[in-house]
Amino acid sequence: MTRQCPPQAPESGFARSGSVLAEAAVVFAVVLSIHAAVWDRYSWCAVALAVQAFYVQYKWDRLLQQGNAVFQFRMSANSGLLPASMVMPLLGLVMKERCLTAGNPYFERFGIVVAATGMAVALFSSVLALGITRPVPTNTCAISGLAGGIIIYIMKHSLSVGEVIEVLEVLLIFVYLNMILLYLLPRCFTPGEALLVLGGISFVLNQLIKRSLTESQGDPVDFFLLVVLVGMVLMGVFFSTLFVFMDSGTWASSIFFHLMTCVLGLGVVLPWLHWLIRRNPLLWLLEFLFDTETRIYLLAYWSLLATVACLVVLYQNAKRSSSESKKHKAPTITRKYFHFIAVATYIPGIIFDRPLLYVAATICLAVFIFLEYVRYFRIRPFGHTLRSLLSLFLDERDSGPLILTHIYLLLGMSLPIWLIPRPCTQKGSLGGARALVPYAGVLAVGVGDTVASIFGSTMGEIRWPGTKKTFEGTMTSIFAQIISVALILIFDSGVDLNYSYGWILGSISTVSLLEAYTTQIDNLLLPLYLLILLMA
């Protein structure tokens, strides 16, 4: 989130370029750290990808400034191609290493496929930018072509035929999702955010199709996440296409929306989930949620926190109604209330019952996305009310038709829980700094970003060059995360850092610097980078 000093003169192009270079330096530091930890042919591919993404990012930035990009992207940020391009490849590399250490060859190969898929979608985004740039950037094309050739050659001799087909399937889905969603949702993403979000959705969709066709066995909570996420995305694409041809704000359209939601839920999502878990999904879910007394207490506690969050929204809107200015916006500290509530939600879940937190976060994501559909399409009777209530909490990053920051906050807190390779954690492979991986979202967004924003906006005076972020905010962010790690050690007996304090401090400091310089959605980007560093 943004933390600002008193109003300053507009940033010069040189200052903005300096902030992009600083962001790139932080990303390269992460890439080289992972390369040093892994040091194999795949990590060399990641280095090559980072070099070409660095050069192509400037071409994307120029396209955005000139308004020549194929789609309408969010304009209050740079393209963000470099930091977004490296997330999936680096995540795949560290996942491969952990599963190799744990002696799990299936998930070791899965990590390689994740890395290869991330590199494929990143190269596609680079080719897209170079293809529409005029005049043709010869030097950048040569660098990108050389890096791409190295990556393709190594992957060709490392992946099986089935794995190559899987990568190509994800790439095909990614291309179609780009054409559909970027057209339907203008100004909602930067090129980097689109790569990260749509690349992840494409991979999840392909995994769900693959597992449905092969009837593979697995944990029901994993299938639950896959089916719910894909179901909500398909629902959004269906209604976005439908409401192009009809007015979504009428009662007739609203009734049709609710009926079709029931049809899709009961006729598609539940049967799909039943096919995968071989049980009645609703009975399984009820048994899972109320299986133990601890889970009942946690659910009651989370319900209380959800009520508090709703009361905060209502109270702030009541203040706006009584204010003379109808353009009243919630201050930074007020918006950070939701970060504190998220921290209070996730920490007990991580300590006492991670599978329950896994499923509860999935349900919460589905609710958030559904309510955003209701707000966006103005579905009666709550569409206009939600538009009014949530407009108070908009910031400069909600420049498109969708409000995504609260969804990104949920994703940022949940992804470290969802992405842990659980089959590779049975032999102590998550000892040391890796024991903090489930807390990556809590540390990076819930604590670090919140403290940085509050202290930076209230007491910050020294700005980082080329940004509105402050040195004081970053330092307090690092300090607060260190204190949080100490508290985690006290209250979570399952965490044993094994004297890996230096790596933890370096990881937290690196991600805090990335927060200071990035213009991308930090709620999503920061937890992923901290997860990658801690897992390495």
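The model is predicted, and the values given here are computed from it. Its largest nonpolar core has 169 residues, and helix α9, which spans residues 220-242, supplies the largest share of that core with 14 residues.

**The nonpolar core**

- Within the largest nonpolar core, the residues with the most contacts inside it are I34, M86, L90, F189, L436 and Y529.
- The largest share of this core comes from helix α9.
- For F189, once its neighbours within four places in sequence are left aside, the residues in contact are F73, R74, L182, A194, V197, L404 and Y408.

**Helices α9 and α14**

- Helix α14, which covers residues 354-376, packs with α9 at an angle of about 5°, and the two axes lie 10 Å apart.
- Because angles under 35 degrees count as roughly parallel, α9 and α14 are roughly parallel to each other.
- Sorted by class, the contact of α9 with α14 has 16 nonpolar, 2 polar and 1 charged residues.

**Cysteines**

- The count of disulfides in this model comes to 0.
- C188 counts as buried, since its relative accessibility is 5% and the cut-off for buried is under 20%.
- C141, by contrast, has a relative accessible area of 27% and is therefore partly exposed.

Technical notes: Residues are numbered from 1 along each chain as its sequence is written. This is a predicted model: local features need pLDDT of at least 70, side-chain atom pairs count only at pLDDT 80 or more; totals for chains, interfaces and linings use all residues. Side-chain values use heavy atoms; hydrogens and water are left out. A disulfide is a pair of cysteine sulfur atoms within 2.5 Å. Buried means under 20% relative accessible area, exposed over 50%, partly exposed in between (1.4 Å probe, protein chains only). A nonpolar core is a set of buried Ala, Val, Leu, Ile, Met, Phe, Trp, Tyr and Cys residues joined through side-chain atoms within 4.5 Å. Helices (H or I, at least four residues) and strands (E, at least two) are DSSP runs, numbered from the N terminus. Contact means heavy atoms within 4.5 Å. Axes are lines fitted to C-alpha atoms, for helices over the stretch in contact, and angles run from 0 to 180 degrees between N-to-C directions. Angles under 35 degrees count as roughly parallel, over 145 as roughly antiparallel, 65 to 115 as roughly perpendicular and the rest as oblique. Ala, Val, Leu, Ile, Met, Phe, Trp, Tyr, Cys and Pro count as nonpolar, Asp, Glu, Lys and Arg as charged, and the others, Gly among them, as polar.
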